[in-house]
Amino acid sequence: MVYIFLIAAVVAVDQALKYAVVHNLGMLNSVSVIDNFFYIHCIPNDGIAMGMMSGRQPVIITLTSLIMVGLCAFIIVCRKRLHPFLLSCVALIVGGGIGNIIDRVRLGYVVDFFYFSLINFPIFNVADIYVTAAAFLLIFLCLFYYKEEDFEQIFPSGSSRKHSSEKKDNE
């Protein structure tokens, strides 16, 4: 249940900020937050990361929706076997994905507005932050925190089940 609330909170914050930016600034407008460094620059993005797949909304919506459903199923299936922090990362990804799906379905594009001009970084939004930060954290946890034994407990392979059944037979 806590993951549903986390997902809902992520979606609510994402949608509220997008609404506030569009309502107060207007699409295709910009305001400097830190001169020559950081701007709120409201633009429509009909692609995915850095504008890739632009103009392919049905494909993007379908793929993203399937991924979000898969991740929700993952949370449900693994909720008793995985650490809550790991599942929270997955919930952040789901919330960010749903926030962007809502924009795509409702508007036909995603509202992006954070822009770092100093490094000319692609414009992004709050949902993108959730997805990216949580994905990096998941990768970090999988590479440096969890051990092979942890993954074996979470996702038992056929060989370990076979080994444990052979062990029982020998007893």
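**Core and pocket**

Author: Gladly! The largest nonpolar core holds 19 residues, and Ile7, Ile75, Leu86, Val94 and Leu138 have the most contacts inside it. A nonpolar core is a set of buried (under 20% relative accessible area, 1.4 Å probe, protein chains only) Ala, Val, Leu, Ile, Met, Phe, Trp, Tyr and Cys residues joined through side-chain atoms within 4.5 Å. This is a predicted model, where local features need pLDDT of at least 70, side-chain atom pairs count only at pLDDT 80 or more, and totals for chains, interfaces and linings use all residues. Residues are numbered from 1 along each chain as its sequence is written, and side-chain values use heavy atoms, without hydrogens and water.

Reader: Which helices supply at least two residues of this core?

Author: Helices (DSSP runs of H or I, at least four residues, numbered from the N terminus) H1 (2-25), H2, H3 and H4 each do. H3 gives the most, eight residues. A second, separate core has nine residues, including Val21, Cys42, Val111 and Phe114.

Reader: And how much space lies in the largest pocket?

Author: A pocket is an open set of points on a 1 Å grid over the protein atoms alone where a 1.4 Å probe fits, with protein on both sides within 12 Å along at least five of seven lines; lining residues have an atom within 4 Å of a point. Here the largest pocket has about 790 Å³ of space. Its lining has 31 residues, and Ile48, Ala49, Asp128, Val131 and Thr132 are the closest to its centre.

Reader: Which element supplies the largest share of that lining?

Author: H4 does, with eight residues.

How values were computed
Points joined across faces, edges and corners; volume = space filled by probe spheres on them. Buried < 20%, exposed > 50% of the residue type's maximum accessible area, 1.4 Å probe, protein only.
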